[in-house]
Amino acid sequence: MSERRIMTDLFASPSDFARTARLVPFADLDAELERLSDSSAAHARASGFEGAPGQVVMLPGEAGLDALVGAGTAQSPFEAAGAALALPEGDWSYDGLPKGWDATQTAIAFALGAYQFTRYKTPKRAPARLVAPQGCDVAEAERVARGVYLTRDLINTPAGDMLPSDLEAAARELAEAHGASVSVITGDELLEQNYPMIHAVGRAADDAPRLIEFEWGDERHPRLALVGKGVCFDSGGLDIKPADGMLLMKKDMGGSATVLGLASMIMDAKLPVRLHVLIPAVENAISGNAFRPGDILKSRKGLTVEVGNTDAEGRLVLADAITKACESDPELLIDMATLTGAARVAMGPDVAPFYTDVEAIADGVFEAGGRIDDPVWRLPLWSRYDEWMDSPIADLSSTGNGKFAGSITAALFLRRFGSDAKEWAHFDIFGWTPSARPGRPQGGEMLAGRAVFDYLKTRFKS
């Protein structure tokens, strides 16, 4: 799908035909305008140019310089990412970078700012293309942009075209492009092969539930498992959502989309890992055989789970997939899911909360996120709340008996199933940008995926 559509047309080769833009931070505005001719400086001021993030002004006849691009506070290349759609179509180069800006991250930011979802709507114009700045690792910039584009495309696709079978097709396309081996367990086969909670959540839908798996890499390398929540549409089940609560539920497979984008980066970079991707793909629909509040479900791990609310379905399908991942004894298991509204209340749409008991993972992912402008924040696996998951008639409740700390209790629920992994981390992501900002157009978004990839590159080196 997206793998074929994107690259390498976002980056231009050095050329005498490329026009030149200068990055202007707030703090350097006056000095930069003084460097221009009087007519160009007057034009920039009259146009209201202030160096705001991604702001662009074309210059009339300035020798060797065609445009100014706002760099904001200049703390991150993403402050200028909006230039990809603000600059006129064609090839552009920057005549220098603000102090501290990494050339590769600058190229990545530009590429992510150029994203347009074009499956159903013809774009008004093509984005500008950037001549990669000196010192840029173009292959790295392309693989990261390619992975993010894949994630965004999958999330942005409406559920009518992105049901479990469609998600399987996208996963197969990615896996086969990199020579990974794929297996899928579908429908009642899930019961036969002991994935009862994946089956229970998805059995009411016409498009059958399934567990999508692929493996890639040298078997001698450390085993890395990625599990992504693939609820392709979430009606809430019998605990049905209100209409406005369903509007964005095409994004409830954002965890799987992020895992696929991350897997794309890992395989393209040929990281020395044995990659194991697992996606429980379901639609949480309503029919006469839908699972019910109060039902007791048996899990793959053998634990019984009392269903507290059918709208807390993501943790159920993840639990069976995480159990399966643990059976292969991974060195590291990461799951990603659009799991709780509580995480959004706590952290908003931009910062991805995550959970782990491993300090090195917590420190490494946090530092990576800060380094590349993909912010994450560790929340506590507060064991005192574990007892909130108790059920009087089952091994545990899916929702617990408290009204507080919803993201934490969901993570504690998953920890019961990921406890056999040597190391485990859980990301409770939003997967969506509510309003556009530089480098992050409105719509589906890869949150925490770039930070995790940057961490993995440091941890697993050739």
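This is a predicted model: local features need pLDDT of at least 70, side-chain atom pairs count only at pLDDT 80 or more; totals for chains, interfaces and linings use all residues.
Local features need pLDDT of at least 70, side-chain atom pairs count only at pLDDT 80 or more, and totals for chains, interfaces and linings use all residues. Residues are numbered from 1 along each chain as its sequence is written, and side-chain values use heavy atoms, with hydrogens and water left out.

Helices (H or I, at least four residues) and strands (E, at least two) are DSSP runs, numbered from the N terminus. Six strands build an open sheet in the order E1-E6-E5-E2-E4-E3. Its pairing is mixed. Two strands pair if DSSP finds at least two bridges between them. Strands of a sheet pair through backbone hydrogen bonds, either parallel or antiparallel. Strand E1 (11-12) and strand E3 (56-58) stand at the edges. Each has a single partner strand, so one side of each lacks a neighbour in the sheet.

Strand E2 (residues 19-25) pairs with strand E5 (residues 91-94) in the parallel sense, over three bridges. Here Arg19 stands opposite Trp92. E2 also runs parallel to strand E4 (residues 67-72), joined by five bridges. Leu23 has Val69 of E4 as its bridge partner. E4 and E3 run antiparallel and share three bridges. In that pairing, Val56 stands opposite Val69. E2 is mostly covered, with six of its seven residues buried. Buried means under 20% relative accessible area, exposed means over 50%, and partly exposed lies in between (1.4 Å probe, protein chains only).

Helix H5 (residues 103-113) packs with H6 at an angle of about 30°, and their axes are 9 Å apart. Axes are lines fitted to C-alpha atoms, for helices over the stretch in contact, and angles run from 0 to 180 degrees between N-to-C directions. H5 and H6 are therefore roughly parallel to each other. Angles under 35 degrees count as roughly parallel, over 145 as roughly antiparallel, 65 to 115 as roughly perpendicular and the rest as oblique. The crossing of H5 with H6 is right-handed. A crossing is right-handed if the near helix is turned clockwise from the far one by less than a right angle, and left-handed if anticlockwise. From H5, Thr104, Ala107, Ile108, Ala111 and Leu112 take part. They meet residues of H6 including Val144, Val148 and Tyr149. The contact (heavy atoms within 4.5 Å) has nine nonpolar residues, one polar and two charged. Ala, Val, Leu, Ile, Met, Phe, Trp, Tyr, Cys and Pro count as nonpolar, Asp, Glu, Lys and Arg as charged, and the others, Gly among them, as polar.

Helix H6 (residues 138-156) also meets helix H16 (residues 449-459). Their axes come within 11 Å and cross at roughly 140°. H6 and H16 are therefore oblique to each other. This crossing is right-handed. Glu140, Arg143, Val144 and Val148 of H6 contact Arg450, Phe453 and Lys457 of H16. The residues of this contact divide into three nonpolar, no polar and four charged.

Ala448 lies in the loop between strand E20 (443-444) and H16. Its phi is near 75°, a positive value in a residue other than glycine. Ala448 is buried, at 0% relative accessible area. Asn194 lies in the loop between helix H8 (189-192) and helix H9 (196-202). Asn194 also has a positive phi, near 70°. Asn194 is partly exposed, at 33%. Phe291 sits in the loop between strand E11 (274-284) and strand E12 (296-298). Phe291 counts as buried at 2% relative accessibility.
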